[in-house]
Amino acid sequence: MASPSTCTILFILFSSFLLFFGDAARPSFACAPGGPAASLPFCSVGHPIKSRVKDLLGRLTRAEKVRLLVNNAAGVPRLGINGYEWWSEALHGVSNTGPGVHFGGEFPGATSFPQVITSAASFNASLWELIGQVVSDETRAMYNGGQAGLTVWSPNVNVFRDPRWGRGQETPGEDPKMAAKYAAAYVRGLQQPYDGKHGRTKLKLAACCKHYTAYDLDNWKGVDRFHFNALVSKQDLEDTFNVPFKACVTEGNAASVMCSYNQVNGVPMCADPNLLRGTIRGQWRLDGYIVSDCDSVDVFYNSQHYTSTPEDAVAATLKAGLDLDCGPFLAQYTENAISKGKVTDADVDAALTNTLTVQMRLGMYDGEPSTQPFGNLGPRDVCSPAHQNLALEAARQGMVLLKNRHKALPLSPSSHRTVAVIGPHSDATVAMIGNYAGVPCRYTSPLEGIGSYAKTVHQKGCTDMACLGDQPIGPAVDAARTADAAIIVVGLDQSIEAEQRDREDLLLPGQQQELVSKVALASKGPVVLVVMSGGPVDISFAENDPRVSAIIWAGYPGQAGGAAIADTIFGAYNPGGKLPMTWYPQDYLQKVPMTDMNMRANPSKGYPGRTYRFYTGPVIYPFGHGLSYTKFSQSLAHAPTQLSVPLDGQRLVSVNATKPARTKRAVRVTHAKCDGLHIPVHVDVKNDGNQDGTHIVMIFSNPPTGHSAPVKQLLGFEKVHVSAGSQVRVEMAVDVCKDLSYADINGVRRIPIGEHSLRIGELTHTVSVVAEQTRL
């Protein structure tokens, strides 16, 4: 999402004021009984949605249609249709970032779940969907109360490619497979589709996957997202950047996709017919609408100078497949574009068909909301005890134990009665919820959470996150000397990593490192370092310091973050989270400009590659790292040693003809018979310790040599709870065509033929994949 221009902000605010407060007597829904359109076909729930949309479009004037092409769509009073604000947000809770949500009155706040990167650390798809369901309940409740929209522009499923990206916190991490699974799960939770009449699936909410595509730079060394041309290979586009978006549409059935500001290979995303109309709507079969990031159309005209006139910009974006403009551009220039022959009324109708269809699937033309499904949701369904308990549980599952020297954790309340709570995040509240958050039900700070277990002595040590200049480090050191243990809560916040703010380095800001080292040196008891951040931090100094007993990464843990941190430190919760991104050393940045979009390493140029899939150099902590208070062991119960890939019998050769070496053979996915083609993998997980806990089974693969496939690739994951001393079997199925394949230099997906190594923790199992020619 954007920070719109001043003109756009005033336009949105004024229009939103009119939408919400301009006519107190106006009904809050279309097709009201006794209204001017109640008897018209588009208001008839007994008719198919397609015919209802066609009927409505046929009744609108050109001017009325044009004002429906923007996010703050104008009403049509003569038909009893009120204005609608499309822009609502629900990234990890109902958010008032967009103008479609208003807190106050009966809805003073909403449940604020952990930031996405923290929830991703749970590796728990069931949790992601459940969070989506709760957010859906609360959004619908606020909609019923007139304080939210039903079209939420969430989730953000961009791959966290570069550790400096200020918005990496909003994403599910660096792995496209994991991001894809998150996207589908969260979208299902938000939308909760149900069967409507005439076989058309209706929606509780309409989710939107953003920002398509190859968007992961905001503002770095003078390069900003409004001017950046991302040079992306077909290979990287297919097997990295587009993977989550494809899953969002084809598996999650998302009702919308948002195109981003940046150009991809010289073409603005919101004007690219190949990637919008061709890929999203053509190949992936989007059943919904495509929306621009805010002011994107204005940006590619006024900032990128992609077209010579505003009317040409209208034509470029509508013909590319855009249906809705966040911003006023299409409302201002579309009528002129039609008059000048740049676009036609049919182009406008095509866009409105997609947006109106989504509104009708949401029930927005079905009359009084209280009589519809979910019409009973209200204030009691927002910030309910069950929802707030889920926010706490999600924060707990997102805690990642990075270090636990000599099993210093968990602390004992009886042995550690007085605890020094130190650091710039020690009493964090707003910082815990990250960005794109709303107004939480309440906060539990780390200081408050720890105080429920022990007597606390509080000294911040840094007055703010920058921690520059004269800082009160001395009193913090003194507090550590007198306490039974010291808990130091450091990290980043939105002043350091945020939208339009990429990081300059990977270090703790200012004197935070000095604070940690001095407190660790002075403390008479164990020292626990808690890092609160969205992106990775080079804390090698603390990892290597024997005086730092334990390290926990808490991400941005949401409204209940302080309680989750304390529960983890004192052993009420056994941590099981894993890092969803690689933590690199600071010197990694010298080798990788943010503007270089290549995922794969290029040793000849000294380019090390990105993410665990392609980078093999030194790390602070690897993707998937995370410890527990108990010990788990894994054994392979079942997996085949050979798998035959049946080929289309019409093809005599389904391998790379230009690569004669057998190790380089690879079958095109489109030439394979993929239905039911899975590798069954059964893993026994045993808890060898004396404490119950959760374990995440992660299956990686190393491909045969000779391919440009990732050097390591996540095939699947499953979270399982295992009681102390017991054993649980986890059965997983690896989808050969989706998970074992990679994209060649032309973006064509292929399955490497040869020896694939499956890695599950310390286990290695080899599967020989062979091509089996069949004839029809």
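**Close-up 1. Cys-208, a cysteine without a partner.** Because its relative accessible area is 0%, Cys-208 is buried (buried means under 20% relative accessible area, exposed over 50% and partly exposed in between, with a 1.4 Å probe and protein chains only). Cys-208 takes part in no disulfide (a disulfide being a pair of cysteine sulfur atoms within 2.5 Å). The nearest cysteine sulfur belongs to Cys-209 and sits 6.8 Å away. A word on what you're looking at: this is a predicted model, where local features need pLDDT of at least 70, side-chain atom pairs count only at pLDDT 80 or more, and totals for chains, interfaces and linings use all residues. Residues are numbered from 1 along each chain as its sequence is written, and side-chain values use heavy atoms, with hydrogens and water left out.

**Close-up 2. The Cys-462 and Cys-467 disulfide.** Here the S to S distance between Cys-462 and Cys-467 is 2.0 Å. Which hand does this disulfide have? It's left-handed, because the torsion about the S-S bond is about -60°. Cys-462 has a relative accessible area of 0%, so it is buried. Cys-467 is buried too, with a relative accessible area of 0%.

**Close-up 3. The Cys-259 and Cys-270 disulfide.** The two sulfurs of Cys-259 and Cys-270 are 2.1 Å apart, and with 110° about the S-S bond this link is right-handed. Cys-259 sits in strand S9 (residues 256-259) and Cys-270 in the loop between strand S11 (267-268) and helix H9 (274-283), so the bond ties together parts that are eleven residues apart in sequence. Helices (H or I, at least four residues) and strands (E, at least two) are DSSP runs, numbered from the N terminus. Both Cys-259 and Cys-270 are buried.

**Close-up 4. The Cys-294 and Cys-326 disulfide.** Cys-294 joins Cys-326 with an S to S distance of 1.9 Å, and the link is right-handed, with 70° about the S-S bond. This pair connects distant parts of the chain, 32 residues apart. Cys-294 is in the loop between strand S12 (289-292) and helix H10 (296-303), while Cys-326 is in the loop between helix H11 (310-320) and helix H12 (329-339). Cys-294 counts as buried at 2% relative accessibility, and Cys-326 counts as buried at 0%.

Close-up 5. Look for Trp-284 in the loop between H9 and S12. Is Trp-284 buried or exposed? At 7% relative accessibility, it counts as buried. Leaving aside residues up to four places away in sequence, Trp-284 touches Tyr-212, Asn-242, Phe-245, Lys-246, Val-249, Thr-250 and Thr-279 (contact means heavy atoms within 4.5 Å). Thr-250 is 34 residues from Trp-284 along the chain, yet their C-alpha atoms are separated by 6.0 Å.

The whole protein, for orientation. The protein has 21 helices and 29 strands, and the structure holds seven disulfides. Its C-alpha atoms fill a box of roughly 75 × 70 × 50 Å along the principal axes. Of the 776 residues, 62% count as buried. Among contacts between residues at least 6 apart in sequence, 77% join residues at least 24 apart.
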